[in-house]
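Visitor: I have a structure open here and would like to talk through some of its side-chain packing. Could you walk me through it?

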Amino acid sequence: MNIEARIRPLDPADDEEVECVAARMQQTLIEVLGEQEGGQMYDMPWLLARVRWHLDPEQVIGEIFVAEQPEGDIVGHTIVRIDVDDEGAGIGLFSTVFVTPAARRGGVAGALIRRGEEWVQGHGLSRAATYTARNNAPLRRLFIAHGYTLTPMDEVFVMLSKALG
C-alpha cells in the first residue's frame, strides 16, 4: 500500500505544525523507550524549543520536512541537520524520522529519508547518518533497507550511516 504524501519543508510560522512535530518527537521517545522513560525525558516546552532550534539558521543549519497528504494531514516528518562525526567530518544527521501508525509501511518514511538525503547533498556533504538505541529495531530496519550500515557505538546506541552520491 502506497500512501500519497507530498514532502515539503515545515512552515516555521505555523505554530500548529511546530507543535505537531514536537508532540510526535515525544511520541517517538515513548515508542522507543516506553511510556515511563520516554514520556518524561523532555517536557513539551523543551521539545518546542528544540523544533524551533532546528529552524533557526543562526543556531544550526537544519531543515524539518513534513509528509502532507492531499487533504492537508501531516502523516510524518524528519529533522535533518549539518553535524560532525567523531572524526570531525561533516555529515547530514537525521535527528528523527516519524510516521503516524496509520501511514506506516506506505512509503512515507522512505520518501522522507530520500528528501533528507537530497538536502544533505545540496549542502555539499557526501554522508548521512542517524543515531538510535540498539533496541530500536524498526528504525534500524528502515535505514538498513535504504542502504545504511549499522555501527555499534556502545552498550546503548548504534549509528547508521550511508555514503551519498
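This is a predicted model: local features need pLDDT of at least 70, side-chain atom pairs count only at pLDDT 80 or more; totals for chains, interfaces and linings use all residues.

Visitor: How are the rings of F143 and Y148 arranged?

Guide: Their centres lie 4.8 Å apart and their planes stand at 85 degrees, so the pair is edge-to-face.

Visitor: And how many aromatic pairs does the structure hold?

Guide: The structure holds 2 aromatic pairs. F143 also pairs with F94, again edge-to-face, at 5.5 Å centre to centre and with 70 degrees between the planes. That pair links distant parts of the chain, since F94 sits in strand β4 and F143 in helix α5 (residues 137-145), 49 residues apart. F94 is buried, as is F143, and ring pairs join F94, F143 and Y148 into a cluster.

Visitor: Switching to helix α3, which residues are buried there?

Guide: In α3, which spans residues 44-54, the buried residues are L47, V51 and H54. They cover an arc of only 65 degrees around the axis, which puts them on the same side of α3.

Visitor: Why would residues three or four places apart point the same way?

Guide: An α-helix has 3.6 residues a turn, so residues at that spacing point the same way.

Visitor: What do the buried residues of α3 pack against?

Guide: They pack against α1 (15-33) and against the strands β2 (62-68), β3 (74-84) and β4 (90-99).

Visitor: What caps the N-terminal end of α3?

Guide: D43 does, with a side-chain oxygen 3.0 Å from the backbone nitrogen of W46.

Visitor: And where does R50 lie?

Guide: R50 lies over the face of W53, at 4.2 Å from the ring centre.

How values were computed:
Residues are numbered from 1 along each chain as its sequence is written. Side-chain values use heavy atoms; hydrogens and water are left out. Buried means under 20% relative accessible area, exposed over 50%, partly exposed in between (1.4 Å probe, protein chains only). Helices (H or I, at least four residues) and strands (E, at least two) are DSSP runs, numbered from the N terminus. The arc is that of the directions from the helix axis to the C-beta atoms. Contact means heavy atoms within 4.5 Å. A polar contact is a pair of N or O atoms within 3.5 Å; within protein, one must be able to donate a hydrogen and the other to accept it, and residues adjacent in sequence count only if both atoms are side-chain atoms. Rings of Phe, Tyr and Trp (its six-membered ring) pair if their centres lie within 6.5 Å; planes under 30 degrees apart count as stacked, over 60 as edge-to-face and the rest as tilted. A charge sits over a ring if NZ of Lys or CZ of Arg is within 6 Å of the ring centre and within 35 degrees of the ring normal.
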